[in-house]
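Subject: Two-chain model for you

Hello,

Here is the model we talked about. My notes follow below it.

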Amino acid sequence: MNREEIKVELLKIIDPYIDEKEVTTSISEQSDLINDLNINSAHLVDIVLDIEEKFDIMIEDDFISKMDTVGNSLDIIEEKLQG
Amino acid sequence: MVGIDLVDLSDPNLKARSDRTIPLISHPEDVFEKNQFWLLWTAKEAIFKSYRTNRRFDPKQIPVLIDPNALTFHSGKIMGKFVISENVIMAIAHHREVNPIFKIYRRRLKFGESDDVRNQLAAHCKREFGWDITIGIDADGLPIILSQNLIVSFTHHHNYIGFAIPNI
């Protein structure tokens, strides 16, 4: 999968956790999951579980502190898929 | 300093927590029981908020010792307690010398929980203290009651919202 394909799948994963759907029209790699997309922090672990299931990868345990933006989350998934 | 966090377990988007999820949030010095993911999470979030920092929340960097019998916890100079109801687990954290006031409410609006909880705080302060408050942010972008120069911590999840302030 290339980065764009991973991004499409990642956005599908995070979509259910976004209450106010109007923010989805302006999602970029710089979008902060909590501050820009208003995802409740209680769902960060849910997103990790969804990513692991969708991409069939095992995320490092310190992922939560690194998954601040869409782009940084993509970096980690991309690295895992290439690894 | 005070911090509050809550989780509404009725949220259908919450997946079951398992042995896999604990390592995502745990610190080597944590003391808790295996099935206490949400106690651990809410305690860490509440403690983090009590730090009043604009750094990123990293649960793995916050050690928590939970006493499940007393429903209390502590982390360094921060102490706290849990309030648990059928669907809601709430943690309130504070420095030893601070006696917090906290309230949780069921949300009245589907959206706009930020305004909702601020309105509840304003109503509480008017009712209890006779204050007409304005809520703003401090130099770190964290919430504060401007008129009283009093820190405030907010929380919301799914159907519930809450706030905590130091008791003056």
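Across the interface of chain B and chain A, the rule finds five salt bridges (a side-chain nitrogen of Lys or Arg within 4 Å of a carboxyl oxygen of Asp or Glu). One of them pairs B:Arg17 with A:Asp46, at 2.4 Å, N to O.

This is a predicted model: local features need pLDDT of at least 70, side-chain atom pairs count only at pLDDT 80 or more, and totals for chains, interfaces and linings use all residues. Residues are numbered from 1 along each chain as its sequence is written, chains are lettered from A and ligands numbered from 1 in the order in which they are written, and side-chain values use heavy atoms, with hydrogens and water left out.

The interface: 24 residues of chain B are in contact with 26 residues of chain A (heavy atoms within 4.5 Å). The buried area is about 2000 Å² (accessible area, 1.4 Å probe, lost on being put together and summed over both parts). Carbon and sulfur atoms give 55% of that area. In chain B, the most area is lost by B:Arg20, B:Leu24 and B:Arg56, together 33% of what that side buries.

The pockets: each is an open set of points on a 1 Å grid over the protein atoms alone, where a 1.4 Å probe fits, with protein on both sides within 12 Å along at least five of seven lines; lining residues have an atom within 4 Å of a point. Volume is the space filled by probe spheres set on the points, joined across faces, edges and corners. The largest pocket holds about 1200 Å³. Its lining has 35 residues, and among the closest to its centre are A:Ile34 and B:Phe154.

Best wishes

Key:
Buried area = accessible area lost by both parts, 1.4 Å probe.
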